[in-house]
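This report goes through a few packing features of the structure shown below.

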Amino acid sequence: MTVALGTSALFIFNGFNVGVMNQYRENTIHARYGNGQINLKGYRDKVHEKPWEHWMTNYAELAQKLKATPNVKHVFPRVEFFALLTNGRVTVSGRGQGVDGAEESKFFTTLNVEQGATLAAQPDGILLGQGLARALDAKPGDRITVLANTIHGSMNGVDLVVTGIFHTGSKDFDDVVFRLPLAQSSLLLDTPHIESVAIGLDRIEDWPAIAAAVLQSFPELEATPFEILDKVYYQHSVDWLNAQYGILQSIILFIVILGIINTVSIGILERKHEIGNLRANGESVQDVMKLLMLEGVVLGIAGGLLGVGLAWFLNFAFMRGGILMPPAPGITRVFRVLIELQPDMALKTFLMGALTASLGTVIAGSKVARMPIADALRST
Amino acid sequence: MSACYKVQDLKFRYWLDGPPIEALRGVSFEIAQGAMVCLTGPSGSGKTTLLNVLGLVEPVQTGKVHLQGHDVSRMPEGAKNEIRKLQLGFIFQQFHLFPVLTAEENVDYFLARGGLPGAERKKRVRSALEQVGLWNHRTKYPLSMSGGQRQRVAIARAIAKNPKVLIADEPTASLDQKTGKDILTIIEKLNKETGLTVILSSHDPMVISFARRRIKLIDGKLEE
């Protein structure tokens, strides 16, 4: 039972870690960045005085190529720019994203529109971040004017209707970002060029192949995966969490191993009489050790299998809906973590249980098997 | 009658905290084949130590011990294992049955470990359990048996090996008088009918009364 419970605990803990990481990753991908983004080579390396001079002029050709690439599910052209937003009473600054609303609504599902609707096919819609909406005291249906400089330097403006208010859970993002249709941003900035293209995939494992294909066809471009795009929050958070989980897992592993060895050892030490009886009736030390080892291995295997099964059962029966977690640092939204049990971890925890039980058997068994027979028979 | 055991100037010491304890101080005697002997004496007299040496579960520290004509004093452990496996049967005060095995399986266990063929094992198990009157209880587990029944299973297990010597350390100490007497009657019958050499250890007068010879120990020395 000890082996089973220890194996199960480690397995579930790992599943929890994986669930948190995956949730975090999916949130990052499906809220903001997609699986990765394409832009002109070197564009992200520095701040440009005139960024539009480094935007892509051949988007149509690129889009056609990308859509024909296997495993690419979505292609999202985008521009970003700074602007002022006003409702006639209040003017605030923001960072606008010109997007294909209809396409993006199919993939960016963790944007979490809390009021109204996401930007879809509305020609004059605007989607406000939660903090921005609060600053403007805006609600769905309100009219907002967006003012920005065109690429030629002149001031331009568009009147838009608030379709919805979103929050991603990142306050820094929600306080400044707004989204409007790409056509409106092109009009506003007076340029048809595209700053970046976000890619949506079914599987994150497909990104390297797709990035390589893009670079081969368009050597002037570069493809950046989401974990680099969001290095500060996502990658650093993941690295930090992984380190933390690693330490916790090591502590749990140590406690589980100690517990298993202790329980197995006690079980054997309590059987001194039995082992003394075996020795008295002609079993050699080696014979006794073989018996104990066989027992230890069988118990370890049985316990390991039971533990893995128990973890799966507990997850299915009680944790299928996930565990509700409070907001993470920098995030304003609670999220639900699914316990994602990994087959390779099933093998590892099973082996841990089996090997630890065997080790405990060897440690205690060799002590008892080598005891003088009379002492073993005599012990209480 | 030839000697089953020949013990010459046997000494034994225990090292615990402090100075060593002399459990046996130069004991010499012989036990004939087919004898039923009881080692007696007060607590601490050395009778259990002597029994353990005769049962080869304690080493011969000083002196000589011959069993069936073979000097076991300096015998390697492997050879002693074989003797214990084939020639000696043990009965303990606490029975020491395997709780997860039935009576039949308990009796069969050491025969199986010894590599005896199945048919022969079945024959011996049945014979042993019948001799102790427990064949009809062969599927019971020790926990569902009385103390007397458990000790009878222990006897059956010991004799199933067809040993030359039966060694019994306080075999009735955990039993009531009547049950103890029944057990000793079975042992006595085995001794008389099969010529099995029996060595008991006890300070119980009832047990001592069954032995045809008593070897009395006082402070590690013999007093016959």
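## A helix pair in chain B

In this predicted model, α5(B) and α6(B) cross with a right-handed sense. Their axes lie 9 Å apart and the packing angle is about 15 degrees. Angles under 35 degrees count as roughly parallel, so α5(B) runs roughly parallel to α6(B).

From α5(B), the contact uses B:Gly147, B:Gly148, B:Gln151, B:Arg152, B:Ile155 and B:Ile159. α6(B) answers with B:Thr179, B:Asp182, B:Ile183, B:Ile186, B:Ile187 and B:Leu190. By type, the residues of this contact are 6 nonpolar, 4 polar and 2 charged.

## An enclosed helix

Helix α3 of chain B spans residues 103-113, and because 8 of its 11 residues are buried, it is largely enclosed by the rest of the structure. The buried residues of α3(B) are B:Ala103, B:Glu104, B:Asn106, B:Val107, B:Asp108, B:Tyr109, B:Phe110 and B:Leu111.

Just after α3(B), the backbone at B:Gly115 has a positive phi of about 85 degrees.

## Nonpolar cores

The largest nonpolar core contains 101 residues. B:Val37, B:Ala156 and B:Ile199 have the most contacts inside this core. Helix α12 of chain A (residues 343-369) is the element that gives the most to it, with 9 residues.

Leaving aside residues up to four places away in sequence, B:Val37 touches B:Ile31, B:Val198, B:Ile199, B:Leu200, B:Ala211, B:Arg213 and B:Ile215. Another core, of 50 residues, lies apart from the largest one. Its members include A:Tyr33, A:Val146, A:Phe166 and A:Leu182.

## The contact between the chains

How many residues does each chain bring to the contact? Chain A supplies 11 residues and chain B supplies 16 residues. On the side of chain A that touches chain B, the elements giving two or more residues are α10 (272-280) and α13 (373-378). The largest share of that side, 4 residues, belongs to α10(A).

Sorted by type, the residues on this side of chain A are 4 nonpolar, 5 polar and 2 charged.

Definitions and conventions. Residues are numbered from 1 along each chain as its sequence is written. Chains are lettered from A and ligands numbered from 1 in the order in which they are written. This is a predicted model: local features need pLDDT of at least 70, side-chain atom pairs count only at pLDDT 80 or more; totals for chains, interfaces and linings use all residues. Two residues are in contact if their C-beta atoms, placed from the backbone, lie within 7 Å. Ala, Val, Leu, Ile, Met, Phe, Trp, Tyr, Cys and Pro count as nonpolar, Asp, Glu, Lys and Arg as charged, and the others, Gly among them, as polar. A nonpolar core is a set of buried Ala, Val, Leu, Ile, Met, Phe, Trp, Tyr and Cys residues joined through C-beta atoms within 7 Å. A residue is buried if 20 or more other C-beta atoms lie within 10 Å of its own, exposed if 12 or fewer, and partly exposed in between; C-beta atoms are placed from the backbone. Axes are lines fitted to C-alpha atoms, for helices over the stretch in contact, and angles run from 0 to 180 degrees between N-to-C directions. Angles under 35 degrees count as roughly parallel, over 145 as roughly antiparallel, 65 to 115 as roughly perpendicular and the rest as oblique. A crossing is left-handed if the near helix is turned anticlockwise from the far one by less than a right angle, and right-handed if clockwise.
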